[in-house]
Amino acid sequence: MNNLSVTLAAQHQALVEALAEGKGVPAGRLLGLPELPDDDVWVDTAGAAALVRVNPKTITGWLARSGPKKQPFPSPHRLLYRLYWRRSVIETWLREKRPTAD
């Protein structure tokens, strides 16, 4: 059996590097998640953190505190016991307000 275990920090770092270099962000399909229209993809906590350019723990902190205060981070969908957001929702949130550390 092939061990493909990836830590949250390693996944976050790979996504940050891909975004910084202007490369396509690696996005795979996951059996069990609903398909999204218009080439949208699901992002996990590492993906959301990479898009927002914060540490993944910042995302979990925002969720726990309903932060940032001026414009709370979008609520995740709980699918397969994990948290996911539509990439388009994160990008819309970013356009409306660039977050500051709260």
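## Strands and sheet

Strand 2 and strand 3 (residues 82-86) run antiparallel and are joined by 3 bridges. Within this part of the predicted model, Arg78 has Leu83 in strand 3 as its bridge partner.

The sheet as a whole is open and made of 3 strands, in the order 1-3-2, with antiparallel pairing. Strand 1 and strand 2 are the edge strands, each pairing on one side only. Helix 4 lies across strand 1 and strand 3. The angle between helix 4 and strand 3 is about 65 degrees.

## The chain as a whole

The protein chain contains 4 helices and 3 strands. Read from the N terminus, these elements follow the order α-β-α-α-β-β-α.

The chain has 102 residues, and 35% of them count as buried. Among contacts in the chain with a separation of 6 or more, 62% are between residues 24 or more positions apart.

## The nonpolar cores

In soluble globular proteins, nonpolar side chains tend to be buried together. Here the largest nonpolar core has 17 residues. The members that touch the most other members are Ala48, Val52, Ile59, Trp62, Phe73, Trp85 and Ile90. Two or more residues of this core come from each of helix 1 (8-20), helix 2 (45-52), helix 3 (56-65) and helix 4 (87-96). Helix 2 gives the most, with 6 residues.

Which residues is Phe73 in contact with, leaving aside its neighbours within four places in sequence? They are Ala48, Val52, Ile59, Trp62, Leu63, Gly67, Pro68, Trp85, Ile90 and Trp93. There is also a second, separate core of 5 residues, including Leu33, Leu36, Leu79 and Tyr84.

## A salt bridge in helix 4

The count of salt bridges comes to 1. The pair is Glu91 and Arg87, whose closest N and O atoms are 2.7 Å apart. The two residues are 4 residues apart in helix 4, so about one helical turn separates them.

## Backbone details in the loops

Gly67 and Pro68 are joined by a cis peptide bond, with omega at about -15 degrees. Pro68 is found in the loop between helix 3 and strand 2 (77-79). Both Gly67 and Pro68 are among the contacts of Phe73.

Another loop, between helix 1 and strand 1 (42-43), holds Asp38. Asp38 is not a glycine, yet it has a positive phi of about 55 degrees. Asp39 lies in the loop between helix 1 and strand 1 as well. Its phi is near 60 degrees, again a positive value in a residue other than glycine.

Where do these two aspartates stand, buried or exposed? Asp38 has a relative accessible area of 76% and is therefore exposed. Asp39 is exposed too, with a relative accessible area of 77%.

Terms used
Residues are numbered from 1 along each chain as its sequence is written. This is a predicted model: local features need pLDDT of at least 70, side-chain atom pairs count only at pLDDT 80 or more; totals for chains, interfaces and linings use all residues. Side-chain values use heavy atoms; hydrogens and water are left out. A nonpolar core is a set of buried Ala, Val, Leu, Ile, Met, Phe, Trp, Tyr and Cys residues joined through side-chain atoms within 4.5 Å. Buried means under 20% relative accessible area, exposed over 50%, partly exposed in between (1.4 Å probe, protein chains only). Contact means heavy atoms within 4.5 Å. A salt bridge is a side-chain nitrogen of Lys or Arg within 4 Å of a carboxyl oxygen of Asp or Glu. Two strands pair if DSSP finds at least two bridges between them. Axes are lines fitted to C-alpha atoms, for helices over the stretch in contact, and angles run from 0 to 180 degrees between N-to-C directions.
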